[in-house]
Every structure is written in structure tokens, then in C-alpha cells.
Amino acid sequence: MTPSWIPFAVAVTVVVLAAAAVVGEGKGLTLTLERANHQGIELSQLRNRDRFRHGRFLQQQPLGVVDFPVEGTYDPYLVGLYFTRVKLGTPPKEFYVQIDTGSDVLWVSCNPCAGCPTSSGLQIQLEFFDPSISQTASPVSCSDQRCALGAQSSDSGCSGKNQCGYTFQYGDGSGTSGYYVLDSIYLDTVVGDSLTSNSSAAVVFGCSTSQTGDLTKPDRAVDGIFGFGQNGLSVISQLSSQGITPNSFSHCLKGENGGGGILVLGQIVEPNLVYTPLVPSQPHYNVNLQSISVNGQTLPIDPSVFASSTNRGTIIDSGTTLAYLAKEAYDPFVTAITQTVSQSVRPLVSKGTQCYLTTSSISDIFPLVSLNFAGGASMMLRPQDYLLPQNTVGGAAVWCIGIQKFQGEGMTILGDLVLKDKIVVYDLAEQRIGWANYDCSSSVNVTTAGSTGKTEFFNAGQFNDNNSAYIEAYKMIPSTIITLLLHVAFFGVLPFL
């Protein structure tokens, strides 16, 4: 989900500290300990001092992989979004938040909140964060440098209470506003050969006190949005800058059988991964799409259609349910699909969208599509990655083109429809994105390493019906790792229904 002014395991080397006995000439070493005097110091000052010290403890640890559970599905008729759970505050409270690589900030609904839904059609219990109850929460002041970082992602302002506020306006007409707070986030982290549950780190996130538009609707309501963008206020940026996690994250979103998947802070390692560079100096995950091939034939599309500039280019966004092609590319794409299958299906148009009536398996008759990117990387789309099933007519199935035409200038958005059933790696340290087709119900290897150096690998995969990812020590292998948006998270009715 992106603001509308643009027109979301490892192996590391474990250091073993041996206790050293100091002995000299048979004599022991005697140390005198004295108790510090804290007389006159407020309890809150001592608590803040301890928090700072605990933060140093975390920074001194080797980098760890953070594992998040994944729920939801790309299917717009069921959920139309993927979400995870985060624990915030002290004592910790759990919140359901949408996974969104098209925005930067983690925010949750706060108490009180105007327009925030209180129930959800997703059959989840909605919660409200209350900074006054959390023992570790503190507001971010207007003079805090992190408030300036927030201004890069939103319309920010300051209240009379010296609170750093924000307003996000999204391309689907929805919006939210509130203020930033600093508090603890609890993480399931793997360091070395051990899994640490509920280790914590201090991060800045949004406390929303108002919501408008589709965010107020209860049918697909969640507690907030987990932005995985590159801005300094994103959780991935905050944790990596503190030395807690690597500057990378990966997801594998399961398309069928109830959805779910894997989401980790760290790089999934898979031999078939291909990488393309990120376009520099862009607010989102922009990549250079150069051409589209259908059944091995490159379509007659001027490459300038995909060129990146202000409000143009190709964006990878997990917060968009479907996918969108620039209008100059859309018609050649649909025409090529139709011509390829015209002898095997009955083409028809439903509410402006190209559909097909067939009694055969789509895998047998529809072609593979290749999205070709800079650096020689191609994203292969199966028929189910660009078609959506509709109803049946006389025993024949109706399938429609799920990739939509972007109603604007030169924008292509790759959402969950095409990202599902793929490992996607966001290697921010090396400024590149990689992917590979994959069965996201299987386990994966994850590493904290960058593009060079030795590392260890860990195994992440599904282990229960809640679609939460499980990480266990796998094995140590020395290796060198080779490495607005119009957000459509809450659909009312699809354009072709």
C-alpha cells in the first residue's frame, strides 16, 4: 500500500566465550565490588537506562533470522491479502497486520480510534494498541530525527503535545492518521543453533487514531499494515541498522490450499533464484522490466513503455492483490494470449475483461508468459499466475485474465497474483530482488549472509495449520551467496464480476 502522491534462517558464526581464570604465581586475584548509589534517580530513568543497555546486548549478538507467520491468500474471492502477526508493547499484545512491500511504516489501530473497524470478516479478533498501558511505550517528539524520516513516507506534522504525527493517503481512496511511538516488538529469532522466542527490540511504529475509506470496512479488516519498504522508519531498516537482523527479507506466498506461506528477515537460498537490480533512487521496489514474451515470442511493445521515471516503471508490491500492466502493454499481451488459445477455447468478454470458456485444464492449453528484466532475469508465469477462475457455464469453466490494465501513465505493478508460489528475496544490502518458482508449503534454507562471506544455513518451513513458519537448525555449509503505487488490498467488487 503506497501513498497516493505516487500519481511488507540463518546461520551465523557463533562466538563462544570461555571463562578465564586469572592465576599468578599460585595467587588468586581479588576484586572489590561496590554497589552503585541510585539515590535521587527516578525509576523511569533507571528503566530507560536498562532499555538502552539491553539494546546494546542485542547489537552485540550475531545477526539472526526473524520468522513471521503468514496467513491469508491472493484469492480475491476469499481474502485477497496476506497478513502476519506482530507482538508490540509491554506486556506484549498481538496484532494482525497486512504484509505490504509497497509502503514503509508499521502501524496499528490505537485506542481511541475514529472509523477503525471493531470486527473482521477474516474471523480474527481485532485489537487496539494503547500506549498508556504499555510499560515501555514513549511518544516520538517533533525534534526526534526519526520524525524527519517519517516525513519521507507521509504527510507529517506536530501536535501541541509535541507528538510526531502522520497521515497516509492511499491510491484506493483510503487513509489513516495518527502519531509515532517507540516501543518493543517481540521477535522469534534464530541465532546459531537456537530459536529464541520473544526476544525484543525497540522500534518506532505508527499509532493510528483515525481511518477512512476501505480501511473502515470490516469484511477484510486487519489491525494495521506492516510496511516492508526501504525508508529508514521501516522495521527492516530499523532492525538492520541496530545490527539485530540482516538488511534483507524474503517471502514465499502460498497460492493454493488455504494460502499462508513463509516470511523471514534474511535471505532464502535456492539454486534457481535469478536476480535483477533495483532501480536506484526510487521510493518503492522498482525494477527494470524490458519485454514480455508469450509462448516464447517477444511481444511488439516499445521498451520505453516500461522505463522508470517519476510515477512510471515497474513495482513489486505484495500489498496489491492482482497485477497491472501499463496500458500500452496490456492490449498486446491479451491479444497474444487469445490468439494462442483461440482454437482450443471459446473467447468471450465479460464487463470489459477478456475471458475464456474451456472444458480442458488451463495448464494444457494456455501458454507460459515470461516477464524479462534487466540483468537477464525472467519471471515465468504459469496460466494460473495470470488467469482467475469465474463460474461455470454448461459444465465448462470460465477463466478471465486476472492481470488488469493500469489506468494511468506507464505503471506496471506486480502484485500477489504473480508473486504467489515463488520465493522472492529482497536483498537491500546489494540493491537487488531475486525470485524462483517454488512450492511454498515446502521448507526453505535461509541465511543472514550478504553477497560474500561464509555462512551457515537454517531451514524454515510450515509446521502447523496456522501457517506459521518453523525454523530449525539445518546444517552448516560454507558458501558464497551470489545475489503510488495504486494499492489494491481491499477490493469491493472485481472489475470483471
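Reply: Buried means under 20% relative accessible area, exposed means over 50%, and partly exposed lies in between, with a 1.4 Å probe and protein chains only. By this criterion Cys-147 and Cys-164 are both buried. The model is a predicted one, in which local features need pLDDT of at least 70 and side-chain atom pairs count only at pLDDT 80 or more, while totals for chains, interfaces and linings use all residues. Residues are numbered from 1 along each chain as its sequence is written, and side-chain values use heavy atoms, leaving out hydrogens and water.

Me: What pLDDT does the protein chain average?

Reply: pLDDT is the predictor's confidence in each residue, from 0 to 100. The protein chain averages 79, and 74% of the residues score at least 70. Over residues 2–38 pLDDT stays under 50. For that stretch the model has 82 contacts (heavy atoms within 4.5 Å) beyond four places in sequence. Residues 462–497 also stay under 50, with 154 contacts beyond four places in sequence.

Me: How many disulfides does the structure hold?

Reply: A disulfide is a pair of cysteine sulfur atoms within 2.5 Å. The structure holds five. One of them joins Cys-147 to Cys-164, with 2.1 Å from S to S. The torsion about this S-S bond is about 90 degrees, so the disulfide is right-handed. The pair links distant parts of the chain, Cys-147 being in helix H2 (residues 145–151) and Cys-164 in strand E11 (residues 164–169), 17 residues apart. Helices (H or I, at least four residues) and strands (E, at least two) are DSSP runs, numbered from the N terminus.

Me: Which hand has the disulfide of Cys-252 and Cys-440?

Reply: The torsion about the S-S bond of Cys-252 and Cys-440 is about -80 degrees, so this disulfide is left-handed. The pair links distant parts of the chain: Cys-252 lies in strand E15 (residues 248–253), and Cys-440 in the loop between strand E33 (432–437) and strand E34 (444–447), 188 residues apart. Their sulfur atoms are 2.0 Å apart, and both residues are buried. A further disulfide joins Cys-113 to Cys-116, with an S to S distance of 1.6 Å; Cys-116 is buried, at a relative accessible area of 9%.

Me: What is the order of strands in the open sheet of five strands?

Reply: The order is E19-E22-E31-E23-E30, with mixed pairing. Strand E19 (286–287) and strand E30 (403–405) are the edge strands, each pairing on one side only. Within the sheet, strand E23 (residues 323–325) pairs with strand E31 (residues 411–414) in the antiparallel sense over two bridges, and the bridge partner of Ala-323 in E31 is Leu-414. Helix H4 (residues 327–341) lies across E23 and E30, at about 130 degrees to E30. Axes are lines fitted to C-alpha atoms, for helices over the stretch in contact, and angles run from 0 to 180 degrees between N-to-C directions.

Me: How many salt bridges does the structure hold, and which residue forms one with Lys-93?

Reply: A salt bridge is a side-chain nitrogen of Lys or Arg within 4 Å of a carboxyl oxygen of Asp or Glu. The structure holds twelve. Lys-93 forms one with Glu-127, the closest N and O atoms being 3.5 Å apart. Lys-93 lies in strand E7 (residues 93–100) and Glu-127 in the loop between strand E8 (106–114) and strand E9 (138–139), so the pair ties together parts that are 34 residues apart in sequence. Lys-93 is partly exposed at 34%, and Glu-127 is partly exposed at 24%.

Me: Which residues are linked in a network of salt bridges?

Reply: The network links Arg-382, Asp-385, Lys-420, Asp-421 and Lys-422.

Conventions: Pairing = 2+ DSSP bridges.
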